[in-house]
Amino acid sequence: MAHIIVVGNEKGGSGKSTTSMHVATALARLGHRVGALDLDVRQRSFGRYLENRSHFTQSEGLDLPTPRLGHLEPESDGIDPLSRAIETLEPDCDFILLDCPGSHTKLSQMAHTLADTLITPMNDSFIDFDLLARLSPDGRILGPSIYAEMVWSARQLRGQAGAGPIDWLVLRNRLGTQQMHNKRKVGGALDTLSKRIGFRVAPGFSERVIFRELFPRGLTLLDLKDIGTEQLSMSNIAARQELRDLIAELRLPGVSVTF
Ligand SMILES: Nc1ncnc2c1ncn2[C@@H]1O[C@H](COP(=O)(O)OP(=O)(O)O)[C@@H](O)[C@H]1O
Ligand SMILES: [Mg+2]
């Protein structure tokens, strides 16, 4: 059985596709067999990112470890597109990564019930926090909010089906070097909430321009050395360390971080 990693959050622009690409590619680089599915059937950023990688490596004659992109075919024989796509990938994969859309769709809901590991990237902002929990003006947690409730019902469904628990990690993305006050406040609220609704807070990614530049060539931070044309700046070295910390914190079966 492949271990299913779902990257989800109902908020758009929180870094789901960027995280999906970096986690899936990092696992492929560590020698694991990785399948990928883009459930954002409209934007397809993750799928396009992987396609860009295939085109770039082919045109440059490079051999970079690359996750295998699966496809959702229309429903047939009563088997839904997601189950069928996973069935197709599963025999050849140790991990399958599902990138969800930033909205509440049936596909996304289904994906959450399949998650062995769920990664929820969020911007370090109370507007993003609001999808996890409602806060009073003085910062008290009033209760879980829409996205956390969706994860809760996915956990219920898994429980009823006898599937294992979801290991849920919330990842703080686009952390700034300034705004220390906001960072501390969001961090404190997340720590309190993590105990209430059962997630772990993962080491996140800082705001870095490199994340926005790699898409057209389908590259990730880990590939820069291999393509030979790029000097690793201090910022890129720090970003690699953030990715290394994240992969370690995911505590995935059979994975040890060697990059
Ligand atoms: N750590 C980061 N630093 C800088 N830009 C980032 C970072 N993470 C994501 N971005 C940028 O933010 C935008 C949204 O990211 P994306 O991964 O597409 O989010 P989502 O899939 O959640 O909608 C993109 O333009 C992406 O390049
Ligand atoms: Mg996306």
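1. In this predicted model, Leu82, Ser83 and Ile86 of helix 3 touch Leu107, Met110, Ala111 and Leu114 of helix 4. Sorted by class, the residues of this contact between helix 3 and helix 4 are six nonpolar and one polar, with no charged residue.

2. Helix 3 spans residues 81–89 and helix 4 spans residues 106–114. The two axes are 10 Å apart and the packing angle is about 45°. Angles of 65 to 115 degrees count as roughly perpendicular and those under 35 degrees as roughly parallel, so helix 3 is oblique to helix 4.

3. On the helix 1 side, the contact with helix 10 uses His22, Val23 and Ala26. Helix 10 contributes Leu243, Leu246, Ile247 and Leu250. The class count for helix 1 against helix 10 is six nonpolar residues, one polar residue and no charged residues.

4. Ligand 1 is surrounded by 15 residues. Gly13, Lys16, Ser17, Thr18 and Ser206 are the closest of them.

5. Which atoms of Thr18 and Ser206 lie by ligand 1? For Thr18 it is a polar side-chain atom, 2.6 Å from an oxygen atom of ligand 1. For Ser206 it is a backbone N or O atom, 2.9 Å from a nitrogen atom of ligand 1.

6. Arg212 also takes part through its side chain: an N or O atom there is 3.3 Å from a nitrogen atom of ligand 1. Taken on its own, ligand 1 has 560 Å² of accessible area, and the protein covers 81% of that area.

How values were computed. Residues numbered from 1 in each chain as written. Chains lettered and ligands numbered in written order. Predicted model: local features only at pLDDT ≥ 70, side-chain atom pairs only at ≥ 80, totals over all residues. Heavy atoms only, no water. Contact = heavy atoms within 4.5 Å. Helix = DSSP H or I, 4+ residues; strand = E, 2+ residues; numbered from the N terminus. Nonpolar A, V, L, I, M, F, W, Y, C, P; charged D, E, K, R; others polar. Near = heavy atom within 4 Å. Polar contact = N/O pair within 3.5 Å; in protein donor to acceptor, adjacent residues only side chain to side chain. Areas by Shrake-Rupley, 256 points an atom, 1.4 Å probe, with all protein chains shown as cover. Axes fitted to C-alpha atoms, helices over the stretch in contact; angles between N-to-C directions. Parallel < 35°, antiparallel > 145°, perpendicular 65-115°, else oblique.
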